Each structure stands twice: as structure tokens, then as C-alpha cells.
Amino acid sequence: MTANEDQEMELEALRSIYEGDECFKEVSPVSFQFRIGEHDDSKAFILDISWPEMYPETAPEISLDGFFNKKISSETKQLIISGLEEQVEANLGTAMMYTLFEWAKDNQEALMENHQAVVTAVTLTSNSDLNAPAKKKEKKEQLTKSQKRKITCRTDNKGELPRGWDWVDVIKQLSRTGGKEED
């Protein structure tokens, strides 16, 4: 059999084995992702495996560089990849994807034994930021188009309201203070 025939047969087998399995994802006919562990588990990781043109005669490309794996330390990633590469060497020349996925599932605890979640968030603060009181951002009043139009109609070319523009307020003020009587 040629490499392409072997790939087609293995692809068909993978599709039938992992049909409906949410851990398995076929990215393309030669690229696959498999999640080891539950989605919310801190020790879960995703294997990215791609077939080169001459697979299974040549080793598949294994990667743990996906965003899901950002919390895993580089030492742990290297341990996982080296263990998978040993399995690849043992199975070179045969269909090995199922074997790699199952080996990773079976050895998850041992592989992630010394796993410490990597904290990637870094915050930089200066001393002046620590001592300064928190400033609240003032929220601007949102006006509708008609409200904006009314305001612009009332203002002069300098953006100022003409004297006595709100005559209701002027009348209220006069009624409170009363008129001055002249004797």
C-alpha cells in the first residue's frame, strides 16, 4: 500500500472510532486535535498531530502549542512530547494515531504529576499608581439627535445660550424673590 492509501484507511478508522466524541476534532484530513482530560480539568491538554506527506513511514508532527495548553509549563510539555515520540518510534510504519491518543489518556496522571499551572497574567504598576486614589471615569450624558438639535438651535455661534433663553426659570426666580417696590 502507498502512504496515501494507509492515510485514507487510518482516517476512516479514526472517524468511525471517535464519531461523536467531543475530545476528538478533525481539523483537516491530515491534522487532528485530541483533548486529554475533562475540559475544566487543570491537568487537561490538547494534542495537535499532523501527518506529513509520507506518514506512516515518517513520524507525525506533534505539538502542544495550542492556546488551550498555555497553562502548562514547557517542562511538562516536553515530557509529554518525549513520551509520545517514544511511542512513535515503536509504531513507525503502522497506523498509530489511536495508539498515541490512548497512550496519552492512559498516562495523563503520570505525565501531569508535577504539573503546576503557569500564571501568564503580569500586571505592571508604578508607585504613583499605588498611592493615587482611584479615578472614576465620568460618564457623559447621552443625548438623542433631537435633543442635540434643540441645543444647537438655542446657542449662538460661540456655543453659548442667549441671555434669558429659559424664561420659565427666569419667571420662577422672580416669583420667589418678588418684585421690588419703589416708594
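1. In this predicted model, one aromatic cluster is formed by Tyr18, Phe24, Phe32, Phe34, Trp51, Tyr55, Tyr98 and Phe101. The structure as a whole holds nine aromatic pairs, and two pairs that involve Phe101 are taken up in the points below.

2. Tyr18 and Phe101 make an edge-to-face pair, with the ring centres 5.9 Å apart and an angle of 70 degrees between the planes. This pair links distant parts of the chain, since Tyr18 sits in the loop between α1 (3-17) and β1 (24-28), whereas Phe101 belongs to helix α3 (residues 97-106), 83 residues apart. Both partners, Tyr18 and Phe101, are buried.

3. Phe101 also pairs with Phe24, again edge-to-face, at 6.1 Å centre to centre and with 65 degrees between the planes. Because Phe24 lies in strand β1 and Phe101 in helix α3, the pair ties together parts that are 77 residues apart in sequence.

4. How buried are the two partners of this second pair, in terms of relative accessibility? Phe24 has a relative accessibility of 12% and therefore counts as buried, the cut-off being under 20%, while Phe101 is buried with a relative accessible area of 0%.

5. Away from the topic of the cluster, a nonpolar patch on the surface is formed by Trp167, Val168 and Ile171, which together have about 330 Å² of accessible area. Of these residues, Val168 lies in helix α7 (residues 167-177), and with a relative accessible area of 37% Val168 is partly exposed, a class that falls between the buried limit of 20% and the exposed limit of 50%.

Notes. Residues are numbered from 1 along each chain as its sequence is written. This is a predicted model: local features need pLDDT of at least 70, side-chain atom pairs count only at pLDDT 80 or more; totals for chains, interfaces and linings use all residues. Side-chain values use heavy atoms; hydrogens and water are left out. Rings of Phe, Tyr and Trp (its six-membered ring) pair if their centres lie within 6.5 Å; planes under 30 degrees apart count as stacked, over 60 as edge-to-face and the rest as tilted. Helices (H or I, at least four residues) and strands (E, at least two) are DSSP runs, numbered from the N terminus. Buried means under 20% relative accessible area, exposed over 50%, partly exposed in between (1.4 Å probe, protein chains only). Patches are made of residues with over 30% relative accessible area and no salt bridge: like charges are joined within 9 Å, nonpolar side chains (Val, Leu, Ile, Met, Phe, Trp, Tyr) within 5 Å. Accessible areas come from the Shrake-Rupley method with a 1.4 Å probe; for residues, only the protein chains shown count as cover. A salt bridge is a side-chain nitrogen of Lys or Arg within 4 Å of a carboxyl oxygen of Asp or Glu.
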